[in-house]
Amino acid sequence: MLSRRAGEVQPSPTVALSGKIAELRRQGTDIISFNIGEPDFPTPDYIKKAAFEAVNQNFTKYPPTGGFFDLQEAVVNKLRMDNGVSYDPKQICVSNGAKQSVLNALYALCGEGDEVIIPVPCWVSYTEMVKLTGAVSVLVEADEKRGFALDLAAIEAAITPRTKVIIINTPNNPSGAIYSEESLRKLAAMAVEHDFYIISDEIYEKLIYDGEKHFCIGSISPEVQERCVIINGVSKAYAMPGWRIGYSASAKPIAKAINAFQSQMTSGACAISQKAALAAITGPQNDLSNMREEYDKRRRFMQKRLNELDGFTCDTVKGAFYLLPDISALLGRGYAGKTITSSMDLAAFFLEEAHVAVVPGEAFNTKNKLRFSYANSMENIVKGLERIEAAIAVLS
Ligand SMILES: Cc1ncc(COP(=O)(O)O)c(C=O)c1O
């Protein structure tokens with residue numbers, strides 16, 4: 001009765017987990033959420049104010065498909081100043097979150113018969129979005145020994161005449177890895193040599209610690225920029241996930257196709273949110289710095305505590321707001337007659353026994369890992385990790 005695609009596409013496992021947590025909360029269970037991929041801070045006041053003003057000024061009509069011109073211009077300025085890439089405002093398409101921007105880009109670039117290389121672990125949605133286009137994902141393991149850096153030899157080995165796109169995400173969800181300029185230059189050279197496109201998801205660009213630098217692959221040369229779709233948005237950096245504003249920047253023919261898809265699917269993104277995003281991008285950036293400082297404190301604390309836990313190994317990572325500890329040492333242990341054989345089992349155990357929610361590595365196409373988000377208060381981080389420590393002690 002349903003379509004073939006409906007049978008193929010899986011709902012987002014992180015969203016499904018949130019549903020389970022909501023159910024447990026309704027039953028009165030006090031759950032600490034380390035599964036969330038959104039800032040715990042409220043949206044800064046100057047951004048909210050811009051939204052109220054937009055309502056009062058009656059920005060309540062259909063916005064243009066690609067976004068308001070002033071927002072497109074602000075994005076162009078941002079990309080030039082922060083990332084060293086120049087675009088015309090027409091090449092920017094503002095969407096309902098970076099999520100839609102990634103899907104638009106995939107729709108514009110690939111379809112049946114095409115292959116899309118994705119370094120894993122990767123964000124839960126990439127593989128399902130590739131399925132929506134009819135293309136096939138080719139998963140390539142990142143180099144875990146080098147902090148989940150790009151494994152260029154493995155990527156090269158995965159290239160075929162059908163390779164149409166590689167999706168990269170730096171800083172990375174879930175690993176927190178930041179891809180080095182050197183590796184991105186080599187990857188870009190491969191893309192030029194083998195004639196494929198690069199979708200570069202840079203949504204965590206502003207969440208970087210320890211003096212690390214973000215490098216935008218599109219800035220390498222005009223030739224490389226032509227084959228890149230740069231994705232970014234305001235959800236993570238400005239604590240605005242609910243406003244649903246992301247954007248893509250791409251070569252003119254790609255931008256035209258992206259606009260055509262979006263015009264038939266959802267039209268322009270919420271007018272009021274666009275005005276809020278404009279304020280976020282062009283306004284004072286000190287709220288962003290304050291949030292980043294707070295994430296940094298939590299990152300260091302959480303990593304130290306995770307490494308103190310029996311069976312956990314957690315490397316230092318310098319981006320996003322996630323840690324991805326290895327939990328292989330806990331596999332084979334048991335409780336109440338059950339044996340933990342996967343990170344999925346361990347996540348279920350922590351949810352049931354410790355009332356702490358984490359995301360199992362399987363959701364990101366990896367094994368023996370759990371993703372911990374530190375987009376949560378220090379108080380909850382302290383409490384949640386104490387609960388996990390107590391739960392591990394019960395395992396035999
Ligand atoms: C890597 C990555 N890209 C894109 C998104 C989607 O961002 P948005 O909320 O702007 O749609 C997320 C959200 O979790 C993400 O982790």
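Mentor: Start with the polar side: 15 residue pairs are in polar contact between domain 1 and domain 2, both residues at pLDDT 80 or more. A polar contact is a pair of N or O atoms within 3.5 Å; within protein, one must be able to donate a hydrogen and the other to accept it, and residues adjacent in sequence count only if both atoms are side-chain atoms. This is a predicted model: local features need pLDDT of at least 70, side-chain atom pairs count only at pLDDT 80 or more, and totals for chains, interfaces and linings use all residues. Residues are numbered from 1 along each chain as its sequence is written, and side-chain values use heavy atoms, with hydrogens and water left out.

Three salt bridges also link domain 1 and domain 2 (a side-chain nitrogen of Lys or Arg within 4 Å of a carboxyl oxygen of Asp or Glu). Glu144 and Lys369 form a salt bridge through their side chains, at 2.9 Å, N to O.

Now the bounds. Domain 1 covers 4-42 + 287-394, and domain 2 covers 59-282; they come from an automatic or database domain assignment. Domain 1 brings 35 residues to the contact and domain 2 brings 34 (heavy atoms within 4.5 Å).

Last, the area. The two domains bury about 2900 Å² between them, 59% of it on carbon and sulfur atoms. Buried area is the accessible area (1.4 Å probe) that two parts lose on being put together, summed over both. Leu288, Lys318 and Asn365 supply 20% of what domain 1 buries against domain 2, more than any other three residues.
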